[in-house]
Amino acid sequence: VSTWRKAWSVALNTTPKDFPFGIVSLAGGTSEGHNNNMGAFRFAQTGNRGFLPSKAMPNTFSAQAFDAGDPCIDGGHCCINSVDGQGGWSCMAGEGPY
């Protein structure tokens, strides 16, 4: 974080040297998540402290990502892969699950 802050505030009167910095922890159970390593990965993201902010990483925060998953996996009823605008999966009107 300190390296990013230094790089982004190199020009005078632009980005403050202590600007807020956030990270997003990936959702487990996805191709990015790799369940077996997620605990260690998330711990590393916090500078090996387990939480943000910390004395080592002040003015930071973390957001936990979650994935609704794909309803078409494992023999489930499959709908057109489109999001309904409210964060959920939807089927095309009149066609139902296939």
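Guide: Let's start at Gln45, which touches Ile23, Val24, Ser25, Leu52 and Met57 once residues up to four places away in sequence are left out; contact here means heavy atoms within 4.5 Å. Before going on, a word on the ground rules: this is a predicted model, where local features need pLDDT of at least 70, side-chain atom pairs count only at pLDDT 80 or more, and totals for chains, interfaces and linings use all residues. Residues are numbered from 1 along each chain as its sequence is written, and side-chain values use heavy atoms, with hydrogens and water left out.

Gln45 belongs to helix H2, residues 38-45 (helices are DSSP runs of H or I with at least four residues, strands are E runs of at least two, numbered from the N terminus). In sequence Gln45 and Ile23 are 22 residues apart, yet C-alpha to C-alpha they are 7.6 Å apart in space. The Gln45 side chain also makes a polar contact with the side chain of Ser25, at 2.8 Å, and reaches the backbone oxygen of Val24 at 3.5 Å. A polar contact is a pair of N or O atoms within 3.5 Å; within protein, one must be able to donate a hydrogen and the other to accept it, and residues adjacent in sequence count only if both atoms are side-chain atoms.

Now follow Leu52, one of the residues Gln45 touches. Beyond its neighbours within four places in sequence, Leu52 is in contact with Ile23, Gln45, Thr46, Met57, Thr60, Phe61 and Ser62. Leu52 also sits in the largest nonpolar core, five residues in total, with Phe19, Phe21, Ile23 and Met57. Such a core is a set of buried Ala, Val, Leu, Ile, Met, Phe, Trp, Tyr and Cys residues joined through side-chain atoms within 4.5 Å; buried means under 20% relative accessible area, exposed over 50%, partly exposed in between (1.4 Å probe, protein chains only).

Rings of Phe, Tyr and Trp (its six-membered ring) pair if their centres lie within 6.5 Å; planes under 30 degrees apart count as stacked, over 60 as edge-to-face and the rest as tilted. The structure holds four such pairs. Trp4 and Trp8 make a tilted one, 4.9 Å centre to centre with 40 degrees between the planes. Those two are about one helical turn apart, because they lie four residues apart in helix H1, residues 2-8.
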